[in-house]
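Hi,

Here is the structure I promised to pass on. Have a look at it first, and then read on for what turned up.

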Amino acid sequence: MEFICSRKRCFYFGLVLFSFLGCCWSIDTLRPGQFIKDTNFLVSNDSAFKLGFFSPEGSTNRYVGIWYNLPQTHVIWVANMEKPLADSLGVLGLSDQGNVILMNGQNETLWSTNVSKSSAGSMVQLLDSGNLMLQGSDGSLLWQSIERLGNTLFRKARVSSNPKTGEKKYLTSWLTESDPSYGSFTATIVPLNMPEVFVWNNGVPYWRSGPWNGQYFLGVPSMSSTYLEGFSVAVQEGTTYLSFDNSNLVSYQLNSSGVLVQWNWDEDQWWNTWESKTSDCDVYGKCGAFGSCNAERDPICSCLLGFVPKNADEWSMGNWTDGCIRRSPLKCEKMNGSYVGNSGEDDGFLRLEMMKVPDFPHWKFISEEDCRSLCFGNCSCLAYAFDIRIGCLTWSRELVDLQKFSGDATVLYLRVAHSELEKKRNHKATIVSVVVLGTVFIAGALYLALRWKITRRRGRKMISSEVLLSDNGSPPAALSDKNIHNMDVEHTKLQEVTMFSFEVLAGATNNFDAANKLGQGGFGPVYMGVSPDGKRLAVKRLSRNSGQGLKEFMNEVEVISKLQHQNLVRLLGCCIERDEKMPVYEYMPNRSLDAYIFDPSRRGILLWRKRFEIIEGIGRGLLYLHRDSVLRIIHRDLKASNILLDEELNPKISDFGMARIFKSNQNQADTLRVVGTYGYMSPEYAMDGRFSEKSDVFSFGVLLLEIVSGRRNTSFYEDDGSLSLIGYAWKLWSEGSIEKLVDPALSSSSATPEEILRCVHVGLLCVQDSAHERPSVSTILSMLSSEIVDLPAPKQPAFVELQIPASESTNSARILSKNYVTVTDIQGR
């Protein structure tokens, strides 16, 4: 149908349309002659990022920046950092010469890409990665914002350093939180002998990450081999690069105070989940040479054993920068290039646990025994440490930036004179004597106290056996009938469970000592303990802000207390006292499966036969949950870190806090609160909140592919656009080269390729998009054992690839919402 209008009508229609576009118009590309005003935006093709005009909080100045396209503005890059606009009359566009320019209301240029080789046919595009890219008419790259970072390291951006050329790409802090102009702090990766991240304050070291060991930074105690936030360090043509590639919405910002802050988007807001500086101990060299900083002590600085303050007066006043000097000379001294020894015993090494290793290490990839011999035989070697991933670290100059951590960290061996070791032994003997006498006294006092407490408890139970008592032994002051009913229900659930007292668990774990800590999960730490009868226990101490409340805790206790299977972890009891919620499990000496298959130094322990036994064991445990137990249970959080290994590396499924019990005639259920772990959740569960046995089958399929490949699903990225390990496996399957997926550590295994590839085939059947096309667990076990010989061809899995233009292969995490489902990434255990 032809559209006809008079010239006057069409003019007014065009005017109204232009006015509408002026306030709502957004594209991702500008060409010569095009521009955006203060009310316009560029929006990336996948709507993940937005470019436009903004004012920082507390400022009326206007800046052009890029930020995540989310309800809360989180700016990652600013163009006119040094030249703000004073009003809303600014215009950003592409000049006739092909440069991106920002002009104010007086047509003065405030900022420009200033590329000399630009051309009239240039175009600028905001990519799905958050990178603003200027291309020539021939498609060549002329300029990109990612080459001049601001204060934020975001996904696939990278900082770098080349010691030969002196070229560095770094983060620069804002002057203040409301002023994006250059501040005094910068941060980047520094190669040195081992790559480390440094923050400088006007060129002076302010914070240091510790050496990179291939998986994490040794000086960041919150990182571990299971942390793996997608960080990678690479060296190309003499330049060292640091980047991260995480499917979640995460960024690292260097704030105006010089603190690196990790921001995570969750539940419709940005959360501060980590900071590089949590105390003065994190400031570089706080305690000077040979001084150690401990944030849990007062004063925070102390000299290492065998050292005394260099300036006692300054030290006593809290000025520790002069550090410490050795109290007793070493037998091994270097004089005029020759080695001489004083009379007396040989020097020794003092073991310092949970330490941030000093700056300026020398590195050599040798065994721990050879490392000690190397340092002992070299008089200039003052200390050494060993990390299983990178080998031997030694130090031959003053030890600077030492810190004592409260959790897992590196063991440092410090060279000291033999006399200092003798002093320590004598000191220990004195302590042991005092402890023994004190223990006898305390044991007697505890015995009397326990007798009194038991008598008191019996009295309480006679008063009321229908409600749970408060901490002080009396019923709560005001209880409604509903509260009394709920308490009675929880009390009933615990009747068949062994109850441990807080005192017993505190004694078993040495008062929850960090040395007994087995691991740290989202719900809290897990400790190894020894019961009074000598049995080893695993005590999960749920933190008060863990998100696992009494309901989830009682759910886990109720579910697992009714389960008995060789492939399920066994609950020994629990504790509910003093606002504490602690389930107690059988101790698994080999920790969890992820500590093996994702650790390059340990995955070789699991040869194919053992891996296949683990796969079958997990399957049998899952079959018991779904079909063979007295309850029908959907686990909802099956993943490698929730598979524990016993003495013989047999698998046991753990962590039932998110499990749901189904009725005998129930096939699926719906929820408005989706809980679990990204990368393991089935599409119908993540998108619609619908879960069933087939949800666990999907998770099992992901786990199976991880075991075969030795790669983590959520930390796997390829330049070809694959979103995950599932996508990569499907790509290889489609190309007929699935053998490339197999873990190289299995190359020396006696397994036949057909057996391994059959497991991959089953894994792909488990992760198919449609739930009804996935096999049941019983069918899976028959497929794995070859009882079912002919397997159907798998269909394309869910979460394979991003819908992005062929010219841009970067992935961007997206906020998925359907039917008001809330997705919660639960990182328990």
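How many residues does the largest nonpolar core have, and which of them have the most contacts inside it? Keep in mind that this is a predicted model. The core counts 94 residues, and L51, L92, L132 and L414 are the ones with the most contacts within it. Leaving aside residues up to four places away in sequence, L414 touches L304, L305, F307, G348, F349, L350, L352, L382, A383 and L399. Apart from that core lies another one, of 79 residues, which includes V526, V557, I597 and F598. As background, nonpolar side chains in soluble globular proteins tend to be buried together.

Next, strand β23, which covers residues 250-254. Is β23 enclosed or open? Five of its five residues are buried, so the strand is largely enclosed by the rest of the structure. Both of its faces are covered: V250, Y252 and L254 are buried on one side, and S251 and Q253 are buried on the other.

β23 also has strands paired with it. Strand β14 (residues 152-153) pairs with β23 in the antiparallel sense over two bridges, and there L153 has Y252 as its bridge partner. Strand β24 (residues 260-266) runs antiparallel to β23 too, joined to it by five bridges. Here S251 is partnered with W263. β23 and β24 make a hairpin with five residues between them, and G258 in the turn has a positive phi of about 85°.

Then there are a few backbone details in the loops. Most residues other than glycine have a negative phi, and most peptide bonds are trans. Against that background, these are worth a look:

- E237 is not a glycine, yet its phi is positive, about 50°. You'll find E237 in the loop between β21 (231-236) and β22 (239-244). With 84% relative accessibility, E237 counts as exposed, because the cut-off for that is over 50%.
- N510, another residue other than glycine, has a positive phi near 55°. N510 sits in the loop between α6 (502-508) and β38 (517-521).
- D298 and P299 are joined by a cis peptide bond, with omega about 0°. P299 is in the loop between β26 (291-293) and β27 (301-303).

Cheers

Definitions and conventions
Residues numbered from 1 in each chain as written. Predicted model: local features only at pLDDT ≥ 70, side-chain atom pairs only at ≥ 80, totals over all residues. Heavy atoms only, no water. Core = buried A, V, L, I, M, F, W, Y, C linked by side-chain atoms within 4.5 Å. Buried < 20%, exposed > 50% of the residue type's maximum accessible area, 1.4 Å probe, protein only. Contact = heavy atoms within 4.5 Å. Helix = DSSP H or I, 4+ residues; strand = E, 2+ residues; numbered from the N terminus. Pairing = 2+ DSSP bridges.
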